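Here is my note for someone opening this structure for the first time. Please keep the model on screen while you read the points below.

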Amino acid sequence: MIKVDRWCFAISLVIGVLPFSIMAIALQFLPDEVPIMVILGKEIETVSKNRNLIIGIFCLVPITAVLIAGYLRNRRIIERNYYAVTIGSIVISLAFLCFVLYQLIEQVNNADVLKQFDFVGVISVCLAYLISLLGVPVYDLKPNDSLGFRNPYTYSSAAVWDATHKNCSYVIIIGFAVIGTAISFVRGYVSLIILLCAAVAMCLYALFISRRYAKKFAQAPKESTGDRL
């Protein structure tokens, strides 16, 4: 993928998980029974607040489309259709997002939102999605002394550096989008701890994959020499 393709992939993926994430956060302060149908300001029907998560399931449609399109584009199987799928997924996800926000506006009338709102959890979710988007520039990051996954293996070879950051770029985009959605169900500092653990796990993964690439590139000349003999 070129840089534009990767930005389309990351943005469409993050927007795709937003409705489900927002609905999960809202479960923390919504009353047990919420209006599911409101006509002219009058509540016609109420249901359990957990039923709201069913709306989030519909988000799997654009998310699945984006993941499949990203895989096919990375394999160079599709080109122009890739943008049609990603842009279409963004439009569908934004429609879901508007519907979710409308539902929440109608449902929080009797809820004390500020008293029960989990600011730490929301900040953690936002940070996870931000890190997911930062995975895009990681792909093209050049060797330097301040940014990137710096370890003895990536320092040893520019090829190892490039291969490691290209691999980790997709792991960051998809992984932290998933983490951001998962910690939407967790309250307080637990969500922040999970996010920090995910960041540490990402660094360990980068160390593992860079070591693997270093061994692979070190063995390549020997294997080619052996073939010639």
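1. A definition to start with: buried means under 20% relative accessible area, exposed means over 50%, and partly exposed is in between, using a 1.4 Å probe and protein chains only. Arg 6 is buried on that scale, with a relative accessible area of 2%. Across the protein chain, buried residues make up 39% of the 229 residues.

2. A word on what you're looking at. This is a predicted model, in which local features need pLDDT of at least 70 and side-chain atom pairs count only at pLDDT 80 or more, while totals for chains, interfaces and linings use all residues. Residues are numbered from 1 along each chain as its sequence is written, and side-chain values use heavy atoms, with hydrogens and water left out.

3. Now the overall layout. The protein chain has nine helices and two strands (DSSP runs numbered from the N terminus, with helices being H or I of at least four residues and strands E of at least two). Along the sequence the pattern reads α-β-β-α-α-α-α-α-α-α-α. Of the contacts with a separation of 6 or more, 76% are between residues 24 or more positions apart; contact means heavy atoms within 4.5 Å.

4. Have a look at H1 and H6 next. They pack at an angle of about 165°, with their axes 9 Å apart (axes are lines fitted to C-alpha atoms, for helices over the stretch in contact, and angles run from 0 to 180 degrees between N-to-C directions). That makes H1 roughly antiparallel to H6, the label for angles over 145 degrees; under 35 is roughly parallel, 65 to 115 roughly perpendicular and the rest oblique. Residues making the contact include Arg 6, Trp 7 and Ala 10 of H1, and Tyr 129, Val 136 and Pro 137 of H6. By class, this contact has 13 nonpolar, two polar and two charged residues. Here Ala, Val, Leu, Ile, Met, Phe, Trp, Tyr, Cys and Pro count as nonpolar, Asp, Glu, Lys and Arg as charged, and the others, Gly among them, as polar.

5. H6 (residues 119-138) has another neighbour to check, H8 (residues 158-182): the two pack at an angle of about 165°, with axes 8 Å apart. H6 is therefore roughly antiparallel to H8. Val 125, Ala 128 and Tyr 129 are among the H6 residues in the contact, and H8 brings residues including His 165, Phe 176 and Gly 180.

6. How many salt bridges does a search of the whole structure find? There are two, a salt bridge being a side-chain nitrogen of Lys or Arg within 4 Å of a carboxyl oxygen of Asp or Glu. In one, the side chains of Asp 5 and Arg 73 meet at 3.1 Å, N to O. Asp 5 lies in helix H1 (residues 3-26) and Arg 73 in helix H3 (residues 60-74), so this pair ties together parts 68 residues apart in sequence. Asp 5 is buried at 0% relative accessibility, and Arg 73 is buried at 14%.

7. Finally, back to Arg 6. Asp 140 forms a salt bridge with Arg 6, the closest N and O atoms being 2.4 Å apart. Asp 140 sits in the loop between H6 and helix H7 (152-156), 134 residues from Arg 6 in helix H1. Asp 140 counts as partly exposed, at 31% relative accessibility.
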